[in-house]
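Keep the picture beside you as you read.

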Amino acid sequence: MQIDPRGPRFAAALTTLVLATVLITGSGALLAAQTVVFAVGALAGLGRSPYGWLYRVLVRPRLGPPAELEDARPPRFAQGVGLLFGLIGTVGYLSGADWLGLTATGCALAAAFLNAAFGYCLGCELYLVLRRGQARLGTTR
């Protein structure tokens, strides 16, 4: 499936705002909500996530067509990475291990900010590295 690459960048901007708020407030509940957003994006697809819906309904109609489309698999994988960090951070905050919540949230925030500000998706790059590794091992499907 091909997607408009501006959608994941918009989602990364919203994610950056949410995760910065989590770091400021220490809210495990807000991180849990962001983790649900990551889960929907990773499991159901980017277009079905709340931020994907907002982009499609509110932002995309006001823009011209994208210069090019991109494969949805790397950004969807990146949502899975965000899900992992969100789960770890949520467990940290809700169990009283604030250091774990802060660390996991900070890592996720750094990745989201890189995508939002510079269009550099760490999770997407990790996906590509893993795919190249599979190709070298002859395990791609």
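## Before we start

The model you see is predicted. Residue numbers start from 1 in each chain.

## Helix α1

Our tour begins with helix α1, which covers residues 6–25. How far apart should the ends of α1 be? At 1.5 Å a residue, its 20 residues should span 28 Å, and the end C-alpha atoms are 29 Å apart, which agrees. Just after α1 comes Gly-26, with a positive phi of about 70 degrees.

Which residues of α1 are buried? They are Gly-7, Pro-8, Ala-11, Ala-12, Thr-15, Thr-16, Val-18, Leu-19 and Val-22. The elements covering these buried residues include the strands β1 (2–3) and β2 (70–71), along with the helices α2, α3, α4 and α5. Here is a handy rule for reading such lists: an α-helix has 3.6 residues a turn, so residues three or four places apart point the same way.

## Helix α2

Helix α2 takes in residues 28–43. With 16 residues at 1.5 Å each, α2 should span 22 Å, and the distance between its end C-alpha atoms is 22 Å, in agreement. Following α2 is Gly-45, which also has a positive phi, in this case near 115 degrees.

The buried residues of α2 are Gly-28, Leu-31, Gln-34, Thr-35, Val-37, Phe-38, Ala-39, Gly-41 and Ala-42. Their cover includes α1 and α3, as well as α4 (73–95) and α5 (98–118).

## Where α1 meets α2

The axes of α1 and α2 are 9 Å apart, and the packing angle is about 155 degrees. An angle over 145 degrees counts as roughly antiparallel, so α1 is roughly antiparallel to α2. The crossing is left-handed.

On the α1 side, the meeting residues are Thr-15, Val-18, Leu-19, Thr-21 and Val-22; on the α2 side, they are Leu-30, Leu-31, Gln-34 and Phe-38. Sorted by kind, the residues of this contact are six nonpolar and three polar, with no charged ones.

## Where α1 meets α3

Helix α3 (residues 50–59) packs against α1 at an angle of about 120 degrees, with 9 Å between the axes. That makes α1 oblique to α3. Is this crossing left-handed or right-handed? The crossing of α1 and α3 is right-handed.

From α1, the contact uses Arg-6, Gly-7, Phe-10, Ala-11, Leu-14, Thr-15 and Val-18, while α3 brings Tyr-51, Leu-54, Tyr-55 and Val-59. Eight residues of this contact are nonpolar, two are polar and one is charged.

## Where α2 meets α4

The axes of α2 and α4 come within 8 Å and cross at roughly 155 degrees. These helices are therefore roughly antiparallel to each other, and α2 passes α4 in a left-handed crossing.

Among the α2 residues in this contact are Leu-31, Thr-35, Phe-38 and Ala-42, and among their α4 partners are Gly-82, Leu-83, Gly-86 and Tyr-93. The residues of the contact divide into twelve nonpolar, nine polar and one charged.

Start with Gln-34, which sits in helix α2. Is Gln-34 buried or exposed? Its relative accessible area is 1%, so Gln-34 is buried. Apart from residues up to four places away in sequence, Gln-34 touches Thr-15, Val-18, Leu-19 and Tyr-51.

Next, look for Phe-118 in helix α5. Phe-118 is exposed, because its relative accessible area is 58%. Setting aside residues up to four places away in sequence, Phe-118 touches Arg-9 and Phe-113. Between Phe-118 and Pro-65 there are 20 Å, C-alpha to C-alpha, and they are 53 residues apart along the chain.

Finally, Tyr-120 lies in the loop between α5 and α6 (122–137). With 40% relative accessibility, Tyr-120 counts as partly exposed. Tyr-120 and Arg-9 are 111 residues apart in sequence, yet their C-alpha atoms are 9.0 Å apart in space. Beyond its neighbours within four places in sequence, Tyr-120 is in contact with Ala-111, Leu-114, Asn-115 and Glu-125.

How values were computed: Predicted model: local features only at pLDDT ≥ 70, side-chain atom pairs only at ≥ 80, totals over all residues. Heavy atoms only, no water. Axes fitted to C-alpha atoms, helices over the stretch in contact; angles between N-to-C directions. Helix = DSSP H or I, 4+ residues; strand = E, 2+ residues; numbered from the N terminus. Parallel < 35°, antiparallel > 145°, perpendicular 65-115°, else oblique. Left-handed = near helix turned anticlockwise from the far one by under 90°. Contact = heavy atoms within 4.5 Å. Nonpolar A, V, L, I, M, F, W, Y, C, P; charged D, E, K, R; others polar. Expected span 1.5 Å × (residues − 1). Buried < 20%, exposed > 50% of the residue type's maximum accessible area, 1.4 Å probe, protein only.
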